[in-house]
Amino acid sequence: MKPIRVLIVEDSIVFRELLVQNLGRDSSLQVVATARDPYEARDAIVKYKPDVMTLDVELPRMNGIDFLRKLIPQYPLPVVVISSLSDKVFDALNAGAVDFVAKPAVSNRAQLEEFIRNELLVKIKIASTVKISKIKKTVTMQQQHMLVRGGNKIVAIGASTGGTEAIFSVVKNFGTDIPGVVVTQHMPPGFTSMYAKRLNDQCRIQVKEAQTGDRALPGHMLLAPGGDMHMHLLKVNGVYQVECKRGPKVNGHCPSVDVLFESVAKAAGSDAVGIILTGMGGDGAKGLLAMRKAGAKTIGQDESTCVVYGMPKVAYDLGAVQYQEKLDDIAGRTYALLNKM
């Protein structure tokens with residue numbers, strides 16, 4: 001099997017060399033070139049034809065986001081962004097990047113090497129499987145749906161790679177009549193609060209990073225915080241609320257979609273709709289099956305619109321998915337199911 005050909009775009013000499021040394025130790029990867037800025041990167045892409053590019057957002061001569069907007073239409077290439085804690089990473093994802101990693105704020109060489117081997121390496125391998133044509137650019141037009149039946153219902157969503165744009169594509173079509181929405185998206189700590197604010201500014205519903213005790217109210221979305229806590233749904237005195245508490249990784253993730261979905265199965269039963277979106281691996285599949293067995297309605301994103309058809313496929317193969325839908329049709333299907341419950 002041919003190694004994954006990687007281009008590293010990074011202006012820091014020290015960090016660039018660290019990337020080259022550590023990525024080069026994995027026999028499944030080959031660092032074919034490095035670049036200090038977008039102009040060198042463009043020339044390297046033409047010459048070496050890499051399979052994946054790692055990209056720093058802050059670069060000389062042209063920032064990484066503008067580079068992505070100009071690059072992807074001409075050279076469709078999976079890109080993993082390496083970013084400090086900044087909401088610019090979401091602009092990069094919107095511009096066509098596949099995924100991102102949070103650059104650790106440490107000077108300890110051993111910790112940096114561990115980050116490269118355990119986080120960046122995994123993202124590069126995932127990115128190499130992505131068909132860049134499936135990365136959907138967001139649109140501003142919102143479809144109009146209407147909830148004709150009330151009741152104490154809940155909508156639960158889980159996603160991973162490609163999920164930030166996929167979640168937005170669904171949630172932007174939710175109106176203030178939608179039941180409480182709870183979401184787990186695999187994301188590093190710090191970025192979830194920025195992502196929640198971004199959604200809150202762009203959508204009709206109110207969105208916030210969840211805290212223990214927050215109620216899942218109609219027209220509101222609660223996003224599981226990134227880090228070392230899982231988000232659980234509880235029903236207290238007839239009202240849905242969330243609990244965020246520390247726990248070990250499940251399926252390699254914290255927060256885990258399985259943990260959220262399993263708690264929704266227990267708390268809401270047949271009063272829930274579960275949605276599993278694009279992502280690598282199988283997190284959320286067993287939880288969605290638990291929801292279906294408890295009487296919930298379940299939706300999986302279809303292969304044609306997934307950046308990575310991993311989590312939805314595992315869920316579908318388990319029998320957890322009742323309805324497979326294209327991304328643009330998921331909000332409409334959600335309303336249709338809610339109106340029949």
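**Starting with V20**

Analyst: V20 touches I8, V31 and T34, leaving out residues up to four places away in sequence. Contact here means heavy atoms within 4.5 Å.

User: Before we go on, what kind of model is this?

Analyst: This is a predicted model, in which local features need pLDDT of at least 70, side-chain atom pairs count only at pLDDT 80 or more, and totals for chains, interfaces and linings use all residues. Residues are numbered from 1 along each chain as its sequence is written, and side-chain values use heavy atoms, with hydrogens and water left out.

User: OK. Where does V20 lie?

Analyst: V20 lies in helix α1, residues 13-23. Helices (H or I, at least four residues) and strands (E, at least two) are DSSP runs, numbered from the N terminus.

User: And how far is V20 from A268?

Analyst: They are 49 Å apart in space, C-alpha to C-alpha. In sequence, V20 and A268 are 248 residues apart.

User: New topic. Which residues have the most contacts inside the largest nonpolar core?

Analyst: Those are M53, I157, I167, F174, M221 and L277. The largest nonpolar core has 62 residues. A nonpolar core is a set of buried Ala, Val, Leu, Ile, Met, Phe, Trp, Tyr and Cys residues joined through side-chain atoms within 4.5 Å.

User: What is F174 in contact with?

Analyst: Leaving aside neighbours within four places in sequence, F174 is in contact with I157, V181, R204, I205, A331, T334 and Y335.

User: Which residues of α11 are buried?

Analyst: In helix α11, residues 330-340, the buried ones are I330, A331, T334, Y335, L337, L338 and N339. They pack against β6 (154-159), α6 (163-171), β12 (272-276), β13 (297-301) and β14 (323-325).

User: Now helix pairs. How do α8 and α9 cross?

Analyst: The axes of α8 (residues 257-268) and α9 come within 7 Å and cross at roughly 10°. That makes α8 roughly parallel to α9. Axes are lines fitted to C-alpha atoms, for helices over the stretch in contact, and angles run from 0 to 180 degrees between N-to-C directions. Angles under 35 degrees count as roughly parallel, over 145 as roughly antiparallel, 65 to 115 as roughly perpendicular, and the rest as oblique.

User: Which residues meet there, in α8 and α9?

Analyst: From α8, D258, F261, E262, V264 and A265. From α9, A285, K286, G287, L288, A290 and M291. The residues of this contact divide into seven nonpolar, one polar and three charged. Ala, Val, Leu, Ile, Met, Phe, Trp, Tyr, Cys and Pro count as nonpolar, Asp, Glu, Lys and Arg as charged, and the others, Gly among them, as polar.

User: What about α9 and α10?

Analyst: The axes of α9 (residues 285-293) and α10 (residues 311-318) come within 8 Å and cross at roughly 45°. That makes α9 oblique to α10. A285, K286, L288 and L289 in α9 meet V314, A315 and L318 in α10. The contact residues divide into six nonpolar, no polar and one charged.

User: On to loops. What does S270 touch?

Analyst: Not counting residues up to four places away in sequence, S270 touches A294, G295, A296 and M341. S270 lies in the loop between α8 and β12. S270 and M341 are 71 residues apart in sequence, and 8.3 Å apart in space, C-alpha to C-alpha.

User: Where is P76, and how exposed?

Analyst: P76 sits in the loop between α3 (64-74) and β4 (79-83). At 53% relative accessibility, P76 counts as exposed.

User: Last one. What is the phi of K49?

Analyst: K49 has a positive phi of about 50°, although K49 is not a glycine. K49 is in the loop between α2 (38-48) and β3 (52-56). N237 also has a positive phi, near 55°, and is a residue other than glycine.

Note on methods: Buried < 20%, exposed > 50% of the residue type's maximum accessible area, 1.4 Å probe, protein only.
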